[in-house]
Amino acid sequence: MTTTTRSIPDRLRSPLERNLKSWESLLMLVAIGIFIANSFASPYFLNAWNLSDATFNFTEKAMIAFAMALLIISGEIDLSVAAIIALASTAMGAAVQAGVGTEGLVLIGLAVGLACGAVNGFLVTGLGLPSIVVTIGTMSLFRGISFIVLGDQVYKGYPADFAFFGQGYVWWVISFEFVLFAIIAVIYAVILHMTNFGRAVYAIGNNATGALFSGIRVGRVKFTLFLLTGLMSGVAAVCLTSRLGSTRPSIAFGWELEIVTMVVLGGVNILGGFGSIPGVVIAAFVMGLVTFGLGLLNVPGIVMSIVIGALLISVIALPRLWSMWRG
Amino acid sequence: MKRILASRELLLLVAIALVLGIISSRFPAFITLSNLAAVFNDTSPLILLAIGQMIVILTKCIDLSVTANLALTGMVVSLINISAPGLPIVVTLVVATGFGACLGMFNGILVWKLDIPPIVVTLGTMTIFRGTIFLLTEGKWVNSHEMSDTFKAFPRTELLGLPVLSWFAIAAVILFTIVMTRTTLGRAFYAAGGNPHAATYAGINVGRTQFWAFTISGALAGLTGYLWVSRFAVAYVDVAGGFELTVVAACVIGGVSIMGGIGSVPGALLGALFLGIIANALPVVNISPFWQMAISGGAIIIAVVLNAQANRTKGRIILKRAEHAT
């Protein structure tokens, strides 16, 4: 661990300069660059329907990423999100077999998500355990329950009107999922950047002890964040299950790491205390555009994951290399 | 004596004995020597990886790229084997360990010199390593008939009644027990994770210590990579996919604190064995293997709760008398 010395400048940089040099504008440039490169690389890229399809690459993951961003800013992490999707989806599948209607299915999905979030929140804040190990454990547990219930079977037969959440369009090419993604983004931006709760999240991430002594109920805030992450996983489970129309225990496998990648790419400090929702929104678009653009060029998914992995490391490494080079 | 009785290793040993006892009460064949040896052999790759992971976690880091490293190194030695089938097995072992170590060093350099959080680094290299396998092979598998016989036979070769694969695990346990308890490097691993600031003042370069931890983890992953692909006689992109979290789980069950500074080689060994025995016992006792994931998840959570209880620092209360006085 190196001790960093920070010099305090005589005067603040102008707001314009601060905005231009911010992580978000850097990321925005990357996104625009990818967009332009894609539209030159493939004639099929600039097509409203294709672009609309591309949003499905990231909307469900991004919904969880917003809640995860708050959680990571507060200094915790939840690796069980994809497993919560699996469990919630399995619960919905089982309910379908019992003849539950669409409204009931959505309620069950959200309730399972909340319950799983509550389990994580209790283990971390109630028992004071490190969240990274707890959620590795609950990740195996939640998905394990899905495997016990389903084994190598599959749940199908979702009601026809249930398909709307993942396949429906609100207006022209604007899908229901995309609208939901936008609404959730705005809600989380307001929570994080405009409320006392959001301020508390930053305070806890920067100095949990200090936050406690300032009268912030650290445990309660963190518990709420785990609940929100669980709830968002439930929402994503409803959308994904509706889009796929079936449930297997391996649903959304490996998503937790993609979601964490999205959050970190969005400029959230993995050690807590720093980050913004607009950053995560742009990161979601960057990841979606990279996946979609390379897909149009017939580049296989696994190569896209190299690009995402390299992007993740280089966006953090380059600024540090730059400042090292400048002394 | 009290310290030994309360230790995590003993607790785990009792838990393992209990599991074995319950299984053997109904299926005595499970605890025959030959079957236990087979279970140990099956768990050997997990033991090798868990030792490397334990050292990394000791220094407050985490290595999520171990199994991607394993898969990439396994593929590289398989491709070398195709183009040069006559290569002595020693060379293959050196190449595998060396290549794995280089991949580990790459992680280590990023953590040490650029100060990037280890979870971010290894999350990134994990996808990069796996993707590289695809670039090398365009997604094709290297199948059994393409590998030379000596290449495939080596991990199975019996030596004093145990396969070579098991001997590698035993050798690693002995070697790293010595390294961790009898060398300055081992001491540095504990110091760097236990209290980085104090370690720095004591003249230990924390970043470099973490670099060596990643190198060791990478070397063990590379070695396991060769043993893995030759044992199963197949190499492809998704070899051991998702296994990295099982490796972390073995460490956590073995009493390694994710906060760094606490853990031991015997602990990692027992944690791995616990998971290995469960995995091998489920089909025997006629429980669907689909239960395995939930059981290991439950075991992790119980282990973390126990770790937290054990590690709750019983520091000396120096102000007690003063408090009473007022």
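The model is predicted: local features need pLDDT of at least 70 and side-chain atom pairs pLDDT 80 or more, while totals for chains, interfaces and linings use all residues. Residues are numbered from 1 along each chain as its sequence is written, and chains are lettered from A in the order in which they are written.

**Stop 1: two helices of chain A**

Select residues 81-97 and 218-244 of chain A, helices α5 and α12 (helices are DSSP runs of H or I, at least four residues, numbered from the N terminus). Their axes lie 8 Å apart at an angle of about 55° (axes are lines fitted to C-alpha atoms over the stretch in contact, and angles run from 0 to 180 degrees between N-to-C directions).

**Stop 2: chain B against chain A**

Next, show both chains: 42 residues of chain B are in contact with 42 of chain A (C-beta atoms, placed from the backbone, within 7 Å). On the chain B side, select α6 (118-137), which gives the most, with 13 residues.

**Stop 3: B:Thr97**

Finally, select B:Thr97 in helix α5 (residues 89-113) of chain B. Leaving aside neighbours within four places in sequence, B:Thr97 contacts B:Ala219, B:Gly222 and B:Leu223. From B:Thr97 to B:Ile301 is 33 Å, C-alpha to C-alpha, and 204 residues in sequence.

Notes: Contact = placed C-beta atoms within 7 Å.
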